[in-house]
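Please read the following report alongside the sequence and the coordinates.

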Amino acid sequence: MLPRRKTRAVTLGDDRVGRITIGGGAPVSVQSMTSGYTHDIDACVAEIQKLSTAGADIVRVAVPEKKDTAALREIIARVNVPIVADVHFHFQRALEAIDAGVHKIRLNPGNISDRAQVKEVIQACKARRIPIRIGVNEGSIVERRDKQKRLKELGGVFSNQKHGHFLAIMVTKLEEYLEIFHEEDFHDIVISAKSIDPLLVIDAYKAISERFDYPLHLGVTHAGPRETGTIRSVVPLGHLLADGIGDSIRISYASDPVYEVQDGLEMLYCLGLRTRVGAELIACPTCGRIQVDLYKLVQDVRRELAKDIHLPIKVAVMGCVVNGPGECEGADIAIFAGDRRGIIYVQGEKVANVPEENILEALLNECRAFQAKVQDGQAKLGEKKVDVLPPDPIGELGSGWEKIQRGKSSVPLPVTR
Ligand code: SF4
């Protein structure tokens, strides 16, 4: 387990939707945000449920208008996950959301800065024991209304080191904002400091984690489509998490937010920061030795495992006998493909040799049967009963060494199937 930075603990939720703790050593939580209109109640509820089913611990909704906060009471009553109201510009939306029973408020110091208004929100949250996330964003941190101030700040930002100055502005604004909360003796706080620049994200969270002991919500804002946003998000977030920084995450894509949840969870599984739910799939990248349609097989296996397998069973799908045994050593269920066929192993034991068209079904049957055995206490995850013995590539797989031999000699060997 990676060592984690010590922080205060902030808890949100209630008896009905359950409670999630952020910080204080709790597992790193995964958040996402709905992409539709909050006032479209049925669609919003459906989207929240979809995110919750995908594994989101907390879901945030936008409340730009009064009709959005007016919808919150019904939405909250119909979902089974804590809801955060994302508030910008209008502090009244925060008060309305709190009144509707929301579980957490997100405020942006860049657009709700009036001390009296912020204090009103703090007092309302205090009365209901609702935490507040102070979400600083690079895009809104520089003063926009006061032109003189903006020019001065931007001059500072771009005159020398972009990161250093931006960082200074982010931390200063955060400190100024936190003063208001401390004056009200309010500490139920989570902090975020997002940017589109992965390096600024790393620097900002490191700087903040050295100054404050509040839990941190990590994210790269406006990371782009999933194809490029994954790398832009996972590089800084993975770096920070591996360093023990970060108590909650949101990956943000210009795409279906379900991917944000799936990719966020996968990152946490990879870092050992969450216990995996469902199978772990290992697959070879394929090469010139491949003799089955492995890309399709891997996608089919992935899709079907997600439906039926709830335990963290390790499944390896390997294209040939060359690296198969080594890669399959740690897998519970493994398949080595050969010439249009595949041999299936369960914890090192060879259990089936099937033609390509039956691989998927046979592999899934073994996974389901193995899961049942684990649930009944007849098998244990990660236990290797016997060493993986590579299949006979000529007889059983109809390929492998045959190809290798053919490479050595100009005389083709007879086909064995
Ligand atoms: S397992 Fe075989 S097919 Fe897959 S990449 Fe390795 S050598 Fe190539």
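## Basis of the values

This is a predicted model, in which local features need pLDDT of at least 70 and side-chain atom pairs count only at pLDDT 80 or more, while totals for chains, interfaces and linings use all residues. Residues are numbered from 1 along each chain as its sequence is written, and side-chain values use heavy atoms, with hydrogens and water left out.

## The largest pocket

The largest pocket contains about 890 Å³ of space. A pocket here is an open set of points on a 1 Å grid over the protein atoms alone, where a 1.4 Å probe fits, with protein on both sides within 12 Å along at least five of seven lines, and lining residues have an atom within 4 Å of a point; the volume is the space filled by probe spheres set on the points, which are joined across faces, edges and corners.

The lining comprises 27 residues, of which Glu266, Val277, Ala279, Arg302 and Ala306 are the closest to the pocket centre. Two or more lining residues come from each of α1 (41-54), α10 (257-270), β11 (280-283) and α11 (294-308), with helices (H or I, at least four residues) and strands (E, at least two) taken as DSSP runs numbered from the N terminus. By class, the lining has 13 nonpolar, six polar and eight charged residues.

His217 lies in strand β9 (residues 217-220) and is buried, because its relative accessible area is 0%, buried meaning under 20% with a 1.4 Å probe and protein chains only. Its side chain makes a polar contact of 3.5 Å with the side chain of Gln31; such a contact is a pair of N or O atoms within 3.5 Å, one able to donate a hydrogen and the other to accept it.

Arg60, in strand β4 (residues 58-62), also counts as buried, at 4% relative accessibility, and its side chain joins that of Asp86 through a polar contact of 2.8 Å.

## Overall fold

The protein chain has 14 helices and 15 strands, and buried residues make up 50% of its 417 residues.

Methods
Ala, Val, Leu, Ile, Met, Phe, Trp, Tyr, Cys and Pro count as nonpolar, Asp, Glu, Lys and Arg as charged, and the others, Gly among them, as polar.
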